[in-house]
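The following note is written for a colleague who is new to this structure. Please read the numbered points with the model open.

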Amino acid sequence: MRNKVSTGSLFPYFIWIVLFVIAPIALIVYYSMLDLDGNFTLDNYKAFFTPVYLKMTLTSFWYAFLITFFTLLISYPTAFFLTKTKHKHLWLMLIIIPSWINLLLKTYAFIGIFGLYGPLNAVVKVFGFEPQQILFTDFSFIFVSVYIFIPFMIIPIFNALDKLNPTLIYAARDLGASSFTTFRRVVFPLTIAGVKSGIQTTFIPALSLFMITRLIAGNQVITLGTAIEQQFLVSQNWGMGSTIAVFLIIIMFISMLLTSQKSKGGRV
Amino acid sequence: MKPLIQATIAILVICGILFFTADRLESAGSKGSTDTITVYNWGEYIDPDLIKQFTEETGIKVVYETFDSNEAMMTKIQQGGSAYDIAVPSEYMVEMMKEKDLLIPLDHSKLPNLQNIDPYYLDLPFDPSNKYTVPYFWGTVGVVFNPNLIDDHLTFDSWDDLWDPALSGKVFLVDGSREVMGMGLNSLGESLNSKDDALLRKATDKLIHLSPNIKAIIGDEITPLMINNEASVALTWSGQAADMMWENEELDYAIPKEGSNLWFDNLVIPKTAANVDGAHAFINFMLDAEVAAQNADYVGYATPNAAAMQLMDPEVVADERFYPNEELKNKLEVYENLGLEWLGKYNEYFLEFKMSIR
């Protein structure tokens, strides 16, 4: 009886997964093997292994890595100090609120902020420097991306840190560990799950960013996302667009595997 | 289990209501009838007073809707649902809509004012003998620049000025493969419709030499940057350039002598039309000399209407930046439909150029 109920209640989820996960992926794989006239071909895959696309894959990877790295660098300490504050949930809320604002709107705001006559350059001028070209540089691209991903990295890390049993830290201190050793040997290993899911929610979307590459980086950074957009909207070559998407899915799958949770012990 | 069923039913009911409302909205918004037409145009692309005047003269009410890209417009017409009687696609979109059989042939006997159009703008390759289209406005691709922010010797009389070392890190390009590849081909003195791999290769190589000068490849965001003097040189369409120059008087626009693109936005009657007679009346009204002159004054783009040009401010019509002279006009080319295979190649080369920027 118990078994029957649980299969029945799983049914909607099963339908959902088939319709919205399996079917789209199958369609993408199917389209990736079609040429412009709808004939079966593997030419799209051959075309992917040309210098242009390989270089693009590497660039996407490199920028996604940089974005994830800096996001983590900022988010972990932030989450750590948040858990120490008095009204930690209020602070967390304040950090999350900007993520409610539309992504495009925030991006446009940065065009103004980074402009030659924008507030940031006004500050630069106060210190007696010439206005700098900030927009359309690597710096602006990574800055804006990191800003956008920070909330998504902080939340899982915050949750992991928050759930950490403080008695473990006391125990470590009682046994003579320094603050740093406590962090390295106790706190960090116990919150690695939060870090991993934070990396997943940052690295994977960062691989396929595309609006920001144009608005903030002025197309000086070309990611796989940009190429997919162009293939679908401009070239109307759904086959090639799907092929790039297939590789993106493969890369995502690999990064999921690398950061997946091991169900070993160690949790409290 | 029970809450699950409830939730599922709730979602289905909400979806049902949404579909029903959407359906009602669509049929209410543009129900075909003899005293109404629905015009589907670009934003800010008509003098609103003329719509009133049209209703006063003919008694036909106008429902006016706008779109912001050719692709979005075609998708909506392809879906059906809304009874658009008039649409305004650009020339390459006309070819695509023709291929997809989305247009209704025009009845020239109902368009006596067609004679007002300068023959130069009739019978163009994208629509021989104007079976489906009437030109509405036209323009070019060129360089908009701020003479106060760059060296005096740069006039953009030639495309090669863009390659000048003095412009290092200053040039903005529009994010379009046809525009940028076309510029590369034009700068070599070749046709921007070339279907020759060797030529495209050469053009791409030349464009790659332009990389050090490129600041960014973006879209409409160029307009505010030029207006605020944050950018000094940009490859763009004459219409966009006119908008910028309206806001920032320092700016100037040039069409290099090697030639460039000539584009058209056209009045068409899509397959969705419910009031074909009303649509013809509207097109004929827009072709009237006085109406077209007033409209061109308001919109600020170049009109193909020769009779209207006679009525317009001679200074505007004599401005060779927007109404280029015969000699230059002969060097301008309309984009031909390259077909998906060559469009794809243009995009691949464009992508290669973009990848070379750093």
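1. In strand 9 of chain B, B:W263 is the bridge partner of B:G139. This pair belongs to a set of 7 bridges that join strand 4 of chain B to strand 9 (residues 262–268) in the antiparallel sense. Two strands are said to pair if DSSP finds at least two bridges between them. Helices (H or I, at least four residues) and strands (E, at least two) are DSSP runs, numbered from the N terminus.

2. The model is predicted; local features need pLDDT of at least 70, side-chain atom pairs count only at pLDDT 80 or more, and totals for chains, interfaces and linings use all residues. Residues are numbered from 1 along each chain as its sequence is written, while chains are lettered from A and ligands numbered from 1 in the order in which they are written.

3. Is strand 4 of chain B buried or exposed? Of its 13 residues (133–145), 13 are buried, so the strand is largely enclosed by the rest of the structure. A residue is buried if 20 or more other C-beta atoms lie within 10 Å of its own, exposed if 12 or fewer, and partly exposed in between, with C-beta atoms placed from the backbone.

4. The unreviewed UniProt entry lists B:E44 and B:Y92 under "binding site". UniProt positions are given in the numbering used here, feature names are shortened, and annotations may be inferred rather than shown by experiment. B:E44 is in the loop between strand 1 (36–42) and helix 2 (48–58) of chain B, and it counts as exposed because 11 other C-beta atoms lie within 10 Å. B:Y92 is in helix 4 (residues 91–99) of chain B and is partly exposed, with 19 other C-beta atoms within 10 Å. Leaving aside residues up to four places away in sequence, B:Y92 touches B:Y335 and B:N337. Two residues are in contact if their C-beta atoms, placed from the backbone, lie within 7 Å.

5. Helix 5 (residues 177–187) and helix 6 (residues 197–210) of chain B pack at an angle of about 100°, with their axes 9 Å apart. These two helices of chain B are therefore roughly perpendicular to each other, a label used for angles of 65 to 115 degrees. Residues that meet in this packing include B:V180 and B:L185 in helix 5 and B:L199 and B:L207 in helix 6 of chain B. By class, the contact has 6 nonpolar, 3 polar and 1 charged residues. Ala, Val, Leu, Ile, Met, Phe, Trp, Tyr, Cys and Pro count as nonpolar, Asp, Glu, Lys and Arg as charged, and the others, Gly among them, as polar.

6. Between the chains, 25 residues of chain B are in contact with 26 residues of chain A. On the chain B side, the largest share, 9 residues, comes from helix 14 of chain B. The residues on that side divide into 10 nonpolar, 6 polar and 9 charged.

7. Chain A has 12 helices and 0 strands. Of its 268 residues, 30% count as buried. The C-alpha atoms of chain A fill a box of roughly 75 × 70 × 30 Å, taken along the principal axes.

Key: Axes are lines fitted to C-alpha atoms, for helices over the stretch in contact, and angles run from 0 to 180 degrees between N-to-C directions. Angles under 35 degrees count as roughly parallel, over 145 as roughly antiparallel, 65 to 115 as roughly perpendicular and the rest as oblique.
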